[in-house]
Amino acid sequence: MLSPRDCRLLINLCVYFQKAIAYLFPSGLFEKQARPIMKEVYGKVLQLEARRGPLSEKTESKDLIGSRWLIKEELEEMLVEKLSDQDYVQFIRLLEKLLTLPYGPAEEELMQRFRKSVTVQSKKQVIEPVQRDERGMAFSTSEGRRKSATAQAVVFEHGSGKIHVNGVDYLLYFPVTQDREQLMFPFHFLDRLEKHDVTCTVSGGGRSAQAGAIRLAMARALCSFITEDEIEWMRQAGLLTTDPRIRERKKPGQEGARRKFTWKKR
Amino acid sequence: MAAPALQAARRLSGLTLGVRLAVWNFPGITQVRWSRYAPEYRDPLIDKEYYRKPVSELTEEEKYDQELKKTQLIKAAAATETSSVFADPVISKFTNMMMKGGNKVLARSLMAQTLEAVKRKQFEKYHAASAEEQATIERNPYRIFHQALKNCEPVIGLVPILKGGHFYQVPVPLTDRRRRFLAMKWMITECRENKPRRTLMPEKLSDELLEAFHNRGPVIKRKHNMHKMAEANRALAHYRWW
């Protein structure tokens, strides 16, 4: 049971709290406009929208391609305060919204603070040097891997489209049509089907993995004989990427990589 | 369950260039669907014409897309895709669905024999027909295949929904992918199960494709059955909440 003195103390405390809240948060605790928001960017968005109305026109700038927004960790580092994921996502949304509005150099500068440049051309492709053999024929060598197969391909600059794998013709080494199609893929893509001779060695893996390894090796070796644009086309067609997929390991407590043991009720 | 939320989060982080979903936001749920590729890798595009287009013919959007693609990492092309004119994604998908035990060689040869059988039958009909009919007979097996599968696609499907302890078959709209899948699945099941003894798959499949092309046959009947059941269960449509 509270004494009258304690009651008076409690009431004073409540009044004291209310006065503090009224002082610190003049619009009250639950006022929407009083919530803490990313004032800078949001203020700019409101400003630009008010200046030109809610209808937005797309203005794409070329600078955007070579850079990306900062990731959450980098932003935390920059602002020296912890961010929650929702805050970060909201912030990026606001910045994207800002992009769609007509912005001037001041806003541009604001946005550049939150952008980091990324490798503009993702073609860090190592172009093999062209070598010459005893007869003076130009060729280039390259390696390729797929699953556990490794291949080395020697592509000659001038030839008639013959492909020899481990000493035998590719028609004999790969009886399956799909594998031969894979070997022809880089040449067919660049319209150079009967213009190059290829000699390659391959070991390990299965029949499809060997074909994939040779395809990668040939595509890389071809890079020495073609233009930069064509290299970029090959990269975008997926011919110059090593396939990282390998056999998934078996896990303990399961029969295979994914298959579980038969469930028994008892 | 968490998949749509995760996909939404992925799309958001996909707005930004190459930014990974750094924190796994769903405690109590472990990620099972993962891939050896990092999430920023994009699918390759194997279309010679797309790359050979001269710069003057590109629209602003296409130019922007091209510039954007230069900064993106691309996955390796699959072992089944080529830039050949004979490569058809629908045919590849159908071949994979026909495949048993990983025997791609057999599945591919069956597919080739089927298309050959279709062509032979159409040519026989062509040579036996009169001049006016010859104009209406379709002899391209690829066109027959595509049209047949399109004719077999259902428009609406049924989904079992648990309500009050009972499973009700509720009519539900199907996505394009699901429709194509159902058409192919029905075709293959039909050819495997309702085959008279001693007929081989190519022969049966070519017959079914030609019948489906002319909008008759068991697969079309199954599609109509599905539509009728959906119509019959119309009253349960409000059980759907999406």
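1. Salt bridges between the chains. Chain A and chain B share three salt bridges in this predicted model. One of them joins B:K48 to A:D191. Their closest N and O atoms lie 2.7 Å apart.

2. The interface. The size of an interface is often given as the accessible area lost when the parts come together. Here chain A and chain B bury about 3900 Å² between them. Carbon and sulfur atoms account for 57% of that area. Chain A brings 48 residues to the contact, and chain B brings 42 residues.

3. An aromatic cluster with members from both chains. Which residues form one aromatic cluster? They are A:F185, A:F189 and A:W233, together with B:Y50 and B:Y51.

4. Two phenylalanines on one helix. Helix α7 of chain A spans residues 177-189 and holds both A:F185 and A:F189. The two sit four residues apart, about one turn of the helix. Are they buried or exposed? Both A:F185 and A:F189 are buried.

5. Aromatic pairs. A pair of aromatic rings is described by the distance of the centres and the angle of the planes. Over all chains, the whole structure has 13 aromatic pairs. One of these is A:Y173 with A:F174, at 5.1 Å centre to centre and 85° between the planes, an edge-to-face arrangement. Burial of the two residues is as follows. A:F174 has 2% relative accessibility, so this residue counts as buried. A:Y173 has 25%, so this residue counts as partly exposed; the cut-off for buried is under 20%. A:F185 and A:F189 also make a pair: the planes stand at 85° and the centres are 6.4 Å apart, so this pair is edge-to-face.

6. Charges over rings. In chain A, the charged end of A:R115 sits over the ring of A:W69, at 4.3 Å from the ring centre. In chain B, the ring of B:F123 has the charged end of B:R139 over it, 5.0 Å from the centre.

7. Chain B, fold. How many helices and strands does chain B have? The tally is ten helices and two strands. Along the sequence the order is α-α-α-α-α-α-α-β-β-α-α-α.

8. Chain B, burial and contacts. Chain B has 242 residues, and 34% of them count as buried. Take the chain B contacts between residues at least 6 apart in sequence: 64% of them join residues at least 24 apart.

How values were computed:
Residues are numbered from 1 along each chain as its sequence is written. Chains are lettered from A and ligands numbered from 1 in the order in which they are written. This is a predicted model: local features need pLDDT of at least 70, side-chain atom pairs count only at pLDDT 80 or more; totals for chains, interfaces and linings use all residues. Side-chain values use heavy atoms; hydrogens and water are left out. Buried means under 20% relative accessible area, exposed over 50%, partly exposed in between (1.4 Å probe, protein chains only). Contact means heavy atoms within 4.5 Å. Rings of Phe, Tyr and Trp (its six-membered ring) pair if their centres lie within 6.5 Å; planes under 30 degrees apart count as stacked, over 60 as edge-to-face and the rest as tilted. A charge sits over a ring if NZ of Lys or CZ of Arg is within 6 Å of the ring centre and within 35 degrees of the ring normal. Buried area is the accessible area (1.4 Å probe) that two parts lose on being put together, summed over both. A salt bridge is a side-chain nitrogen of Lys or Arg within 4 Å of a carboxyl oxygen of Asp or Glu.
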